[in-house]
Structures are given as structure tokens and as C-alpha cells.
Amino acid sequence: MRTDIAVLGLTIAAAAALIARAADEPLDAETKARVERFEKGPATVDVSKYPDGIKENYEVFSTKCSQCHKLSRPINSDYAIPEEWSRYIKRMMRKPGSGISTGDGKKIFDFLAYDSSVRKKKMLDEKLAKAPAEEKKAAEDKIKELHDKYDK
Ligand code: HEC
């Protein structure tokens, strides 16, 4: 078995990710339907108009978050609020073999929260309109902080 892995040229982390992916199947019917819906959309984001720092973070996101499923899954998901991204990124980082460091996780968070505030603005505004005042304020503060950090 060890020889097979060596022959395939897989790193331990990549092999673990494959095993983890197999171990995570099958998904419950509801999750399965949801992820299939998410995966139907585009598998890339047009980052040409985004600031350089966000473009760099997109590279980390597209490398790390396409290891176990299509990148279209997060790209077309219903998640848009910074807090939702924080929760899902942590969940993905905890999956065995994800190979996502804390530093990578932060860059991925900045990308997804920034991208949602631009590309998913309508969805984000609708969600925030229904959110409790405190959550809405926290989200708006975080989004402002990200734009102050990255926009020129
Ligand atoms: C080690 C494998 C692995 C990696 C790496 C990974 N994912 Fe996932 N992802 C999964 C699995 C398995 C599911 C199925 C549902 C679940 O377990 O949450 C999933 C589901 C999802 C979902 C749908 C969750 C839902 O229930 O609606 C999103 C969004 C998502 N991933 C985003 C990401 C992002 C963003 C990254 C990069 C930070 C990432 N994934 C990296 C394995 C992975």
C-alpha cells in the first residue's frame, strides 16, 4: 500500500485527503442536494477588478478549497456573511488531511468575505436585513475593515 502511494506520487496529506473524502461519503440527502445545487454554477471567480491582495488570497482559496470537491461548491453557495464563512472555513480546516494552515485559513476568509461583499452583495444585504442588529453590525464592521485593508 505504501508503495502504491509512492508510485502515485501522492503526499501523505493528499493521500489522507482522499481517504477523508471517501470516509465522509455518503452525505445525508439534504446536504447532498444542497452541495449539488451549489456545484452547478461557475467554478471560477473573475477577480480581475479586485485589489492585488485579494487576487493573491484567491490563489490560496482556489488551491486549498478544490482538493476534495469542486471550487464551484463554495463559489455558488448560499453563504455570504463573514460569520458564515468563518464557520465553514473552520469546519473544512478540521477535515482530516485538509492541509489548510491557520495563515491560509485567514487568507481564504478575507477572500470569501470580501468577494461576498461585492459579487454576492444582493444576497448579503438580504441576509443582513433579516439578521439581529448585533450580528448585522458585526458583519458590517468586518466588511468595512476588509475594504479598508485591501482597497487602495
Ligand atoms: C479535506 C477535504 C475538504 C477540503 C480541503 C475542503 N472541503 Fe469543503 N467540504 C468537504 C466535505 C466532505 C463536504 C460535505 C459537507 C460537510 O461535511 O460539511 C464539504 C462541503 C462544503 C460546503 C457546503 C457545506 C454545506 O453543508 O452547505 C462548502 C461551502 C465548502 N465545503 C467550502 C469549502 C471551502 C471554502 C474550503 C477551503 C477552505 C473547503 N471547502 C475545503 C470536504 C472538504
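Modeller: Two residues are in contact if their C-beta atoms, placed from the backbone, lie within 7 Å. Keep in mind that this is a predicted model. With that cut-off, Phe 111 touches Ile 54, Asn 57, Tyr 58 and Phe 61, leaving out residues up to four places away in sequence.

Phe 111 belongs to the largest nonpolar core, which has 20 residues. Along with Ile 108 and Leu 112, Phe 111 touches the most other members. Helices α4 (52–64), α6, α7 and α9 (133–150) each give two or more residues to this core. The largest share comes from α7, with 6 residues. In soluble globular proteins, nonpolar side chains tend to be buried together.

Now the helix itself. Helix α7 covers residues 102–119. Its 18 residues should span 26 Å at 1.5 Å a residue, and its end C-alpha atoms are 25 Å apart, so the two values agree. The buried residues of α7 include Lys 107, Asp 110 and Asp 115, as well as Ile 108, Phe 109 and Leu 112. The buried residues of α7 pack against α4, α5 (72–75), α6, α8 (121–130) and α9.

Take α6 (residues 82–93) as one partner. Helices α6 and α7 pack at an angle of about 145°, with their axes 10 Å apart. Their crossing is right-handed. From α6, Pro 82, Trp 85, Ser 86, Ile 89 and Met 93 take part. They meet Gly 105, Ile 108, Phe 109, Leu 112 and Ala 113 of α7. By class, this contact has 8 nonpolar, 2 polar and no charged residues.

How values were computed. Residues numbered from 1 in each chain as written. Predicted model: local features only at pLDDT ≥ 70, side-chain atom pairs only at ≥ 80, totals over all residues. Axes fitted to C-alpha atoms, helices over the stretch in contact; angles between N-to-C directions. Helix = DSSP H or I, 4+ residues; strand = E, 2+ residues; numbered from the N terminus. Left-handed = near helix turned anticlockwise from the far one by under 90°. Nonpolar A, V, L, I, M, F, W, Y, C, P; charged D, E, K, R; others polar. Core = buried A, V, L, I, M, F, W, Y, C linked by C-beta atoms within 7 Å. Buried ≥ 20, exposed ≤ 12 C-beta atoms within 10 Å, placed from the backbone. Expected span 1.5 Å × (residues − 1).
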